Amino acid sequence: MATLSLQLYTLRDQFASDRDATLAALATMGLDEVEPFGIEHFEWLPAALAAHGLTAGSAHAGLLTETAKVLDAAQALGVTKVFQPYWEPEKWQAAEGIRELADALNGVVDRAATAGVTVGYHNHDFEFTAPDVDGTPAYDYFVSLLDERVTLEVDTYWAAAGGRDVPTLLASYPDRITHLHVKDGPLEPSRSGAANVVLGTGSMNLAPILDASPDRVWVTEFDFAVVDPIEEVRESIAYLKAR
C-alpha cells in the first residue's frame, strides 16, 4: 500500500504568511507523512511538525553543499531519506558532469548512513532531454554510476515532460525508485512555470503510473498553484486515497 506525502514547497507562500494554520490544515488531510524542503534553513520545523502530529519521512535539501548541516537537520526531524533536489542542467550535457554528480552522491553515502540517512536524487525534465552517453540515455547512464545504496525519487510530471515513458521507467528500477512526485498539469518539455492542477484534471495519465507503484511513497507536489493551494492539495490527496 502506498504511503501518502506532500512536498511542503507546495505551500511555501502559506507557510510564510501563517505557518500554524497551514500545518493545522495539513493535519486534517490524512497524510501519512510530509516532505520538507531546505531543511538546513528551517530550525523551527521539528517542533512545528510535532505540534500538529506530522512526521517527515523524506526531505529535499542541499546535501552536496551543506552536508553536515543537512544531516543534523535530518536527525532532528527524524528524516531517513534526503534527496538532492537539483543539479545544474548544463552539467547533464556531457558524461563528465553526470559522473561528477554520481561521484558526489556516492561520496556522502557512508557519512549519511552514520546519521541514519539514505541519500537520493530527485529529477526535473532536463535529465531526460540531455544527450545520450555512448548510446545510453543520460539518466540511465547516471543510475549506472551510483552506489547501490543511493535511491531515486522520480518526479513523474517532469519525467513525462522530458519525453520518458514513466511506467516503463518505474519498472526499470523497481528497487532503486522509492518515492514519486505526483503532479498534474499541462505537459511541456521545459520548466515554463505553468501552474499545476489538481491530480486527475490535467494532461498526465496518472493511472498506469500509480498502478505501477503500489508500494512506493506518493508525494503530491504543486510547483505553482494559483487558485486555492490548500484546497487543491486536499482534493489531490483525496484523489490518491481513492486509488
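The lining of the second largest pocket divides into 5 nonpolar, 1 polar and 3 charged residues. Here Ala, Val, Leu, Ile, Met, Phe, Trp, Tyr, Cys and Pro count as nonpolar, Asp, Glu, Lys and Arg as charged, and the others, Gly among them, as polar. This is a predicted model, in which local features need pLDDT of at least 70 and side-chain atom pairs count only at pLDDT 80 or more, while totals for chains, interfaces and linings use all residues. Residues are numbered from 1 along each chain as its sequence is written, and side-chain values use heavy atoms, with hydrogens and water left out.

Let us stay with that pocket for a moment. Its lining is made by Met1, Ala2, Leu4, Gly30, Asp32, Trp218, Leu240, Lys241 and Arg243, and the space in it comes to about 180 Å³. A pocket is an open set of points on a 1 Å grid over the protein atoms alone, where a 1.4 Å probe fits, with protein on both sides within 12 Å along at least five of seven lines; lining residues have an atom within 4 Å of a point. Points are joined across faces, edges and corners, and the volume is the space filled by probe spheres set on them.

The largest nonpolar core has 77 residues, and Leu26, Ile39, Leu49, Trp92, Tyr121 and Phe142 have the most contacts inside it. Helix α4 (residues 95-114) gives the largest share of this core, 8 residues. Such a core is a set of buried Ala, Val, Leu, Ile, Met, Phe, Trp, Tyr and Cys residues joined through side-chain atoms within 4.5 Å; buried means under 20% relative accessible area, exposed over 50%, and partly exposed in between (1.4 Å probe, protein chains only). Helices (H or I, at least four residues) and strands (E, at least two) are DSSP runs, numbered from the N terminus.

| Pair | Centre to centre | Angle between planes | Type |
|---|---|---|---|
| Trp92 and Tyr121 | 6.1 Å | 35 degrees | tilted |
| Tyr157 and Trp158 | 5.1 Å | 75 degrees | edge-to-face |

Rings of Phe, Tyr and Trp (its six-membered ring) pair if their centres lie within 6.5 Å; planes under 30 degrees apart count as stacked, over 60 as edge-to-face and the rest as tilted. Trp92, in the loop between β3 (81-84) and α4, and Tyr121, in strand β4 (residues 118-122), are 29 residues apart. Both Trp92 and Tyr121 are buried, and Tyr157 and Trp158 are buried too.

Finally, Asp134 is not a glycine, yet has a positive phi of about 50 degrees. Asp134 sits in the loop between α5 (126-129) and α6 (138-145) and is exposed, with a relative accessible area of 80%.
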